[in-house]
Amino acid sequence: MNAETKNKLSYKLSTASIVLIPIAIGINYLGKYIAGILRLPLWLDSIGTVLSGMLAGPVIGAASGIINNIIYGVTADPISTVYAVTSAVIGLMAGLFAAKGWFKDIKTVLLAGLIIGVVAATVSTPLNILFWGGQTGNVWGDALYALLISNGQPQWLASFLDGIVVDVPDKLVTVLISYFVFKGLPKKLTNTFLKEGAIEEL
C-alpha cells in the first residue's frame with residue numbers, strides 16, 4: 001500500500017480536511033439548488049461529498065455527507081436527516097475508490113458512479129418505504145413506481161427501481177463532475193491533503 005493510499009484511508013484529521021467539510025456542504029447546497037431551478041431529474045446534492053472523499057479520504061467524505069444532511073434537515077427539510085446514512089455511504093465509497101486509484105480514467109470513474117448509485121438506491125429503499133410510502137419524490141422515478149404498483153409488483157421492488165432510475169444517473173453525473181473538478185484543481189492544493197494526512201493529527 002503506497003503512502004497516498006495509506007493517508008486517504010487514515011482516520012486522522014488534518015486542518016485542510018476539516019476546512020474542506022463546510023466547503024463540501026456548500027457545493028452540495030449549490031448543486032441541489034441548480035437541479036431544483038433547472039428542474040432536472042437529478043439530485044446533484046452529493047458533489048461536495050464525493051469530492052471531499054476523493055480529496056481527503058472516506059472519513060471526511062462520510063462526515064461531509066452526514067453533516068450536510070443534518071444541516072439541510074434542520075434548515076429546510078426534516079426528513080432529509082434520515083438520509084444521512086445514505087450520504088455517509090456515498091462519501092465513504094468515494095473515498096475508498098479514490099484510495100484504490102479508481103479515479104484515474106473515465107472508465108473507472110463511470111464504474112465507480114454506477115456502483116455508488118446502486119448502493120445508494122439500496123440503502124435508501126427501506127427509508128423511502130418507511131417515510132415516503134416507497135417513493136423518492138422524483139417525478140420520473142415515482143412515475144415508474146406508480147406503474148409497477150398498478151401492475152401488481154411488490155412495493156420493495158417498485159421502490160428500489162424508483163431509486164435506481166434516479167440514483168444511478170445522478171451518481172454517474174455527480175462522480176463525473178467531481179472527477180473533472182478534482183482534475184482541474186492545482187496539484188499544490190490536492191497535495192495539501194496528502195501531506196497533512198501524513199504529518200498532522202488532531
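A residue is termed buried when its relative accessible area is under 20%, exposed when it is over 50%, and partly exposed in between, with a 1.4 Å probe and protein chains only. The structure examined here is a predicted model, in which local features need pLDDT of at least 70 and side-chain atom pairs count only at pLDDT 80 or more, whereas totals for chains, interfaces and linings use all residues. Residues are numbered from 1 along each chain as its sequence is written, and side-chain values use heavy atoms, with hydrogens and water left out.

The protein chain contains nine helices and zero strands, where helices (H or I, at least four residues) and strands (E, at least two) are DSSP runs numbered from the N terminus. Of its 202 residues, 44% count as buried. A contact is defined by heavy atoms within 4.5 Å; among contacts between residues at least 6 apart in sequence, 71% join residues at least 24 apart. The chain exposes about 10100 Å², of which carbon and sulfur atoms supply 71%.

Helix α7 comprises 12 residues, 139-150. The expected span of a helix is 1.5 Å times one less than its number of residues; for α7 this gives 16 Å, in agreement with the 16 Å between its end C-alpha atoms. Gly 141, Asp 142, Tyr 145 and Leu 148 are the buried residues reported for α7. They cover an arc of only 120° around the axis and therefore lie on the same side of α7, the arc being that of the directions from the helix axis to the C-beta atoms. An α-helix has 3.6 residues a turn, so residues three or four places apart point the same way. The cover over the buried residues of α7 includes α8 (155-184). On the other side of α7, Val 139, Trp 140 and Ser 150 are exposed.

The structure has two salt bridges, a salt bridge being a side-chain nitrogen of Lys or Arg within 4 Å of a carboxyl oxygen of Asp or Glu. In one, Lys 171 pairs with Asp 167, with the closest N and O atoms 2.8 Å apart. These two residues are separated by about one helical turn because they are four residues apart in α8. In the other, Asp 170 pairs with Lys 171, where the closest N and O atoms are likewise 2.8 Å apart. Asp 170 and Lys 171 are both buried. Through shared partners, the salt bridges join Asp 167, Asp 170 and Lys 171 into one network. Asp 167 is buried as well.

Most residues other than glycine have a negative phi. Arg 39, however, has a positive phi of about 55°, and phi of Leu 44 is also positive, near 55°. Arg 39 counts as exposed because its relative accessibility is 76%, whereas Leu 44, at 8%, is buried. Leu 40, at 33% relative accessibility, counts as partly exposed.

Leu 40 also belongs to a nonpolar surface patch with Leu 30, Tyr 33, Ile 34, Ile 37 and Leu 38, which together have about 600 Å² of accessible area. Patches are made of residues with over 30% relative accessible area and no salt bridge, like charges being joined within 9 Å and nonpolar side chains (Val, Leu, Ile, Met, Phe, Trp, Tyr) within 5 Å.

Definitions and conventions: Accessible areas come from the Shrake-Rupley method with a 1.4 Å probe; for residues, only the protein chains shown count as cover.
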